[in-house]
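Thanks for coming. I will keep this brief. Please look at the screen.

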Amino acid sequence: MTEKSRKSQTSQTDQTDQTDQTLLAIGTRKGLWLARSDDRSRWTLDGPHFLMSEIPSVCIDTRAVASGGSPRLLVGVRSEHWGPTVARSDDLGQSWNETPEGAMRFPADTGAAVERVWQITPDGHDDDVVWASTEPQALWRSDDRGETFSLVRGLWEHPHRPDWGAGFGGAAIHTILPDPADAAGMLVAMSTGGVYRTEDGGTSWTASNTGIKAPYQPDPWPEFGQCVHKVARDGVNPTRLYAQNHHGVYRSDDNGGTWSSIADGLPTDFGFTVVAHPFRADTLWLVPITADRERVPPGAQLQVQRSSDAGATWVTCSDGLPSPSYTCVLRDAAAADTHEQAGVYFGTRNGEVYGSADEGGTFAPIAAQLPDVLCVRAAVIA
């Protein structure tokens, strides 16, 4: 986010925090729920939408709101019968539209088929452009706000692609970070391939994993092949990035060129998600879990780890969260809103959703007894 847009967003938030509605989109193994609140204390829950379909990705595209338009919801839907597609709504879920024959299809010469839509991300430079990523590992571009997508050939034809492996959750590009300072720049991350960057709009891509360790590899410092779980961009400094890995938490101060560990002080360096404050520098949240065979909260205390100094120190945030707890939070099941005092939200694999209206100071339940939560997205809407 540029300084100009941050100031504009902060100013708007200051004026409307008391009246704007917060929308929370919750994608699960068996459908989508939409939660709304005027005060981030009392929530109404609407759903399920797409009952019995998996929802691995959700996007709340608010770019049209500034000009008097409505938010557009874009949802990656995976039906065991009909397969994957992208559904869209311009009336906050009252009605849904799908592109005939699906929003994206691999060209015939690739011999590939879409398994899941793992990520949907609005572009920061062109209001008509939306990016998406899939399983198998591919990046897609839409020039019509998410109605149709075309394959980004430069990444698909990268010479490393045959050696990209599948993580436990699948062979997925799960992070798309357009560069807010450069329309031709973008970073993506995948399991298991690592971080890749482009500076020419997607024509060419470079592996950018220097400093990220892969202790499970014969060479623990490979050019690529790291199991990156999630990457977030700092809300003020666009060249600062945070990464949660399969064993490792890292920061980059040069837009992903090099990485250094910020895991000291954490109860564990394992987890799936990382969220950056939308407009406060150096502030981020993690949800740690114990490694590999266990994958439960440290000490059976469900918790969020917060840093206000770019990972130099960490504070445990657990007020209002259950203990003992043996659940897990997946890579896209956490988000922050854009209120002046940012809200932090996450969903668990046992169907609970928690929210904090004070940046992680205290948490309260928003929903319970949902299916396995796969993704959570938050937005402030008029």
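**Aromatic rings and one buried isoleucine**

Start at Trp164, which is buried, with a relative accessible area of 7%. One caution: this is a predicted model.

Which residue pairs with Trp164 through its ring? Tyr196 does. The ring centres are 5.2 Å apart and the planes stand at 65 degrees, so the pair is edge-to-face. Where do the partners sit? Trp164 is in the loop between helix 2 (153-156) and strand 12 (172-178). Tyr196 is in strand 14, residues 194-198. So the pair ties together parts that are 32 residues apart in sequence. Is Tyr196 buried or exposed? Buried, at 0% relative accessibility.

Now the wider count. How many aromatic pairs does a search of the whole structure find? It finds 8. Another of them is Phe50 with Trp96. That pair is edge-to-face too, at 4.9 Å centre to centre, with 65 degrees between the planes. It links distant parts of the chain, 46 residues apart. Phe50 is in the loop between strand 3 (44-49) and strand 4 (54-61). Trp96 is in the loop between strand 6 (83-89) and strand 7 (97-98).

Phe50 has a relative accessible area of 18%. The cut-off for buried is under 20%, so Phe50 counts as buried. Trp96 comes out at 22%, so Trp96 is partly exposed. Keep that cut-off in mind when you read the two labels.

Next, a cluster. Phe106, Trp140 and Trp156 form one aromatic cluster. Trp156 also has a charged neighbour: Arg161 lies over the face of the Trp156 ring, 3.7 Å from the ring centre. There is another arginine to look at. Arg295 has its charged end over the ring of Phe168, 5.7 Å from the centre of that ring.

Last stop, Ile55. Which strand holds Ile55? Strand 4. Ile55 is buried, with a relative accessible area of 0%.

One distance to finish. Take Ile55 and Val329, which are 274 residues apart in sequence. How far apart are they in space, C-alpha to C-alpha? The answer is 15 Å.

Notes: Residues numbered from 1 in each chain as written. Predicted model: local features only at pLDDT ≥ 70, side-chain atom pairs only at ≥ 80, totals over all residues. Heavy atoms only, no water. Phe/Tyr/Trp six-rings, centres within 6.5 Å; stacked < 30°, edge-to-face > 60°. Helix = DSSP H or I, 4+ residues; strand = E, 2+ residues; numbered from the N terminus. Buried < 20%, exposed > 50% of the residue type's maximum accessible area, 1.4 Å probe, protein only. Lys NZ or Arg CZ within 6 Å of the ring centre and 35° of its normal.
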